[in-house]
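Colleague: Could you take a close look at the aromatic side chains for me, and walk me through how they pair up?

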Amino acid sequence: MLGLIFGVSSYMQALSSAGFNALFAYPWVAIPPRVVFGLVAGLVFSLLGKTFKKKTFGLYLALACALLTMLHTGLVFLDLYVFYPDTIAGLFSSQSPVALGTALTFTFVILLGMAGEMTVAAIIVPPLYIASRKVLPRLVKARCLR
């Protein structure tokens, strides 16, 4: 469900944007990679919770968050390649020096953004997850959430 919300919000944002973000102005580009990401993330979190002890859980959760962020970036660019093969291939395949510089810059920006997202996810998600696991049962018990 969260992946679907993530995809729909990405789609809605792209409708009012220009530039590279405009590629996500089609629901078949914006939504499916986010839904798949949400499903895989849910399965991974469920597996982690059943597999690892409390002492090592945070470390494995941070690693999973980083790898899931990498998966998300890969799914998005795979989806872009499926629906815009000429546009995406054109960014990477030209032989002219100017186009090669653009392709290298584009690749560097993607990898830098992905590394930043991986780092932030690995640092922020584990403490938020652990804190929410402590607070949510109390909220349900107090009938704040149903």
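Modeller: Happy to! Let me start with a definition: a residue is buried under 20% relative accessible area, exposed over 50%, and partly exposed in between. Please keep in mind that this is a predicted model. By that scale Phe 83 is partly exposed, because its relative accessible area is 37%. Trp 28 falls in the class of partly exposed residues as well, at 43% relative accessibility.

Now to the rings themselves. A pair of aromatic rings is described by the distance of the centres and the angle of the planes. Rings count as a pair if their centres lie within 6.5 Å, with planes over 60 degrees apart called edge-to-face, under 30 stacked, and the rest tilted. By this rule there are six aromatic pairs. One of them joins Phe 6 and Phe 37: the ring centres are 6.5 Å apart and the planes meet at 65 degrees, so this pair is edge-to-face. As for cover, Phe 37 is buried because its relative accessible area is 19%, while Phe 6, at 34%, is partly exposed.

The pair of Trp 28 and Phe 83 has ring centres 6.4 Å apart and planes at 50 degrees, so it is tilted. This pair, too, links distant parts of the chain: Trp 28 is in helix α2 (residues 27-30) and Phe 83 in helix α4 (residues 54-83), 55 residues apart. Trp 28 and Phe 83 are also members of one aromatic cluster, together with Tyr 26 and Tyr 84.

The charged end of Arg 34 sits over the Phe 6 ring, 5.1 Å from the ring centre.

Finally, follow the chain into the loop between α1 and α2, where you will find Asn 21. Asn 21 is partly exposed, with a relative accessible area of 24%. Leaving aside neighbours within four places in sequence, Asn 21 is in contact with Gln 13 and Ala 14. The C-alpha atoms of Asn 21 and Tyr 11 are separated by 9.3 Å, and these residues are 10 apart along the chain.

Methods:
Residues numbered from 1 in each chain as written. Predicted model: local features only at pLDDT ≥ 70, side-chain atom pairs only at ≥ 80, totals over all residues. Heavy atoms only, no water. Buried < 20%, exposed > 50% of the residue type's maximum accessible area, 1.4 Å probe, protein only. Helix = DSSP H or I, 4+ residues; strand = E, 2+ residues; numbered from the N terminus. Lys NZ or Arg CZ within 6 Å of the ring centre and 35° of its normal. Contact = heavy atoms within 4.5 Å.
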